[in-house]
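Let's walk through this one together, strands and then helices. Keep the model open beside you.

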Amino acid sequence: LDYAAVTYPGSTLRFRGPAQALDRPHILCLGGAETFGRFIHAPYATRLAEALPYPVVNMGVPSAGLDVILTDPAIRAATRNARAIVLQITGAQNMSNRFYAVHPRRNDRFIRATPMLRALYREVDFTDFHFTRHLLTHLRALSRDRFGVVEAELREAWVGRMLGFLSRAPVPVHLLWLSRRAPNTTEDGLHLGHDPLFVTPAMLQQVAARAASLNMATAPPCPPGQRPRNMFFARGEESAARLLPGPEAHEIAAGLLAPLLRN
């Protein structure tokens, strides 16, 4: 796909086009690869732009966690003239916390472990890891008990950062769950499963109380051996595409959000 990538003043990030004027009223869509619409011809932001009488700015960032959403200068600037914000629920793994730090722009990149994590997992050589998902999969396999301490920290940090964003937002924020799993499902295999990782219904309930709405757009997991339908990816990208919701989930999301944003 040609994502027509664009940049906005103050940021080195590349967002999905077309470019929009941030000094005019608009709807601002924030989130990760799902909001960006990786492998998707028409993500929900594009569908909203067709259904609403004002521009929609897609500022989804592949690999984003709350760190980049909260700190990127262009995203902060875009909130000033937004009529409303759609905030896709991102996982709790891609953000700095008391156990490890992530890259400020590529939030899926593991930078370093803190002394707390090194003390908890003394046998681990943390120089072997470059991505948060790889790190956390390994830590969970070593010890479910110790990993429970890490998981609790990630969840607490996620709730705190989400509440901080919602309390400071100058306009209504509509939360969007866009995933191949429902919030009340867990995956207990060798891999951590589908994003948003570690976010539970109880956590959603906490943050939804501060938001204008909470909207659920889920798609079933892609069956083993079946190629993701109506998604466009290059050779070697199929495994990544299987983890992301397809166009049917984006259609559901746009259908839920359009009446709320139109009003």
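Strand E3 (residues 82-88) is joined to strand E6 by four bridges, and the two run parallel; strands here are DSSP runs of at least two residues, helices H or I runs of at least four, numbered from the N terminus, and a pair needs at least two DSSP bridges. Ile85 finds its bridge partner in E6 at Val173. On to strand E7 (residues 213-218): six bridges tie it to E6, again in parallel, with Leu176 partnered by Asn215 of E7.

This is a predicted model, so to speak of local features takes pLDDT of at least 70, and side-chain atom pairs count only at 80 or more, while totals for chains, interfaces and linings use all residues. Residues are numbered from 1 along each chain as its sequence is written, and side-chain values use heavy atoms, leaving out hydrogens and water.

Back to E6 (residues 173-179): seven of its seven residues are buried, so the strand is largely enclosed by the rest of the structure. Buried means under 20% relative accessible area, with a 1.4 Å probe and protein chains only. In a regular strand, side chains alternate between the two faces of the sheet. Here Val173, Leu175, Trp177 and Ser179 are buried on one side, and His174, Leu176 and Leu178 on the other.

Now the helices. The axes of H7 (residues 144-168) and H8 (residues 201-208) come within 9 Å and cross at roughly 20°; axes are lines fitted to C-alpha atoms over the stretch in contact, with angles from 0 to 180 degrees between N-to-C directions. That makes H7 roughly parallel to H8, the term for angles under 35 degrees.

Conventions
Angles under 35 degrees count as roughly parallel, over 145 as roughly antiparallel, 65 to 115 as roughly perpendicular and the rest as oblique. Buried means under 20% relative accessible area, exposed over 50%, partly exposed in between (1.4 Å probe, protein chains only).
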